[in-house]
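Hi there,

Here is the structure I promised to pass on to you. Please have a look at it first, and then read my notes below.

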Amino acid sequence: MKGRTISPGKAEGEAIVTSEPIGFYGGIDINTGIVIDKGHPLEGKSVTDKILVFPCGKGSTVGSYVIYGLKKNGVAPAGIINKETETIVATGVILAGIPCIDKIEIEKIKDGDKIFLDADKGVVEIK
Amino acid sequence: MHLTNEQEKILDGEKGEVMERLFRLLFRLGEIYRADSMIPVGSVQVAGVSYKSIGNPGMEFLEDMASKGAIVKVLTYLNPAGMDLENWKKLGFPEDFAKNQLRIMDAFKKMGIVITSTCTPYLAGNLPRFREHIAWSESSAVSFSNSVIGARTNREGGPSALAAAICGVTPNYGLHLWENRQPSVKIKVEVDLKYNSDFGALGWYVGKQVKNKIPYFTGIKDANTDQLKALGAAMAASGAVALYHVKGLTPEADNVKKEGLETISVGKSEIKGTYAKLNTGNTPDIVIFGCPHASLREISTLADKLEGKHLKKPVWICTSRMIKEAAERMGYNEIIAKAGGSIVADTCMVVSPIEKMGYKTTGVNSGKAANYLPGFCKQEVCFANIDDLVEGQL
């Protein structure tokens, strides 16, 4: 599938998929990479080294620093795939250097799929 | 995107490493979102201030910028910090937390940022005008400035707002353009809203439904700026609503295109259901007002309700330093302190480490606070109106 480059780079990993938006601030623990948003379908799961797939960001604009912090703490996702990346997530992934693309039909990606993400070219491959 | 010669030079590194790095972030955002050019901003509001929110990575990032000589070009305000910057010891904020928070404040000050930590900059001396381009980041302040004032800003991330402050420009896309400020869903309000918490409940419900759309409200007969502040804050927390219009009340409502929109009705049962959903606790250990930061009117109302009363459990009222000063002069702070309550400035319940201060259940009248407290402060929440909350602490 072909999308739009938000932040360049290449990443490979297992997909962790949700159809719910993610708010990084208050939604993911900056030290552990575990989803802490109460009632979120991914609550309790780790995003570390995964290809995190979600429709769009939500909530606080501090989310950019959380994404940057996840990377600095070594618990960030390997890559991010969105339906529509908004500014908060875009700023975070650019600053952190996490490969990210959007404009992808994320419904076609299943939890646990092995994903190759080439964000330089804006391409996602499901292996 | 069209760049001026001057801007090309920044990208070539002629203006130094910090400018290049921050301008490159703005440039890349502009390319992604197809901005035609950079536009000057009138003011900036930077989020990502509390040590609790940004941790060591954020602190080091800011100190790095400050040490390399980054200086803001326009009036720049800050979001709430993780503690009352003057009164933190007395209120029981942990010492090690305070040390790091003060390091962050120093870094901001070095960059020329006004050290007023508030999510309501528009009540504290940073007031944009109608149609002014700004780069603000706190989600409720973004909503208020776009919707109630009619200024124009995207939801900036903390770092992109900082970049706009230091470069003095932001990419021209999204909500800076009139065609993108048109509503995408109609909300028919079929219930009378009395308390500010009713507006919070409405906002929370609508934000969940519409996610990042632009709602056009009908059926809200009257609302003051405190109530619109509560409405917008809740929508920005449960969803990503950065702009809303209210028929008859907000400045762009008359001129936007509202034909043929999908309609969502909100009645008594939806509001009641939202109160029930946001209530995860039984009895509050502490009640905290002022999310977003309390206005002088909200503090005066609370002073009236607390006059001559004796609180058995703590009540905090969070506000900006400037409003606290005005409340002090009016004697409100004294009335509240005599009853056993505290005015807390510069911070709020969401960004302060209340879970480390022995509190397990927090009472709030804010839809935004009710949204964040469970995840971020590990709190059970009692979401109720001001009268019930005050009554419960007596």
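Predicted model: local features only at pLDDT ≥ 70, side-chain atom pairs only at ≥ 80, totals over all residues.

Residues are numbered from 1 along each chain as its sequence is written, chains are lettered from A and ligands numbered from 1 in the order in which they are written, and side-chain values use heavy atoms, leaving out hydrogens and water.

Chain B is assigned domain 1 (5–178), domain 2 (182–276) and domain 3 (279–393), with bounds from an automatic or database domain assignment. Between domain 2 and domain 3 of chain B, the C-alpha centres are 24 Å apart. Their contact (heavy atoms within 4.5 Å) involves 16 residues of domain 2 and 17 residues of domain 3.

The two domains bury about 1400 Å² between them, 51% of it from carbon and sulfur atoms; this is the accessible area (1.4 Å probe) lost on being put together, summed over both parts. On the domain 2 side, Tyr195(B), Lys229(B) and Tyr275(B) lose the most area, together 35% of what that side buries.

Lys229(B) also forms a salt bridge with Glu298(B), with the closest N and O atoms 2.9 Å apart. The rule (a side-chain nitrogen of Lys or Arg within 4 Å of a carboxyl oxygen of Asp or Glu) finds 2 salt bridges across this interface.

Happy browsing!
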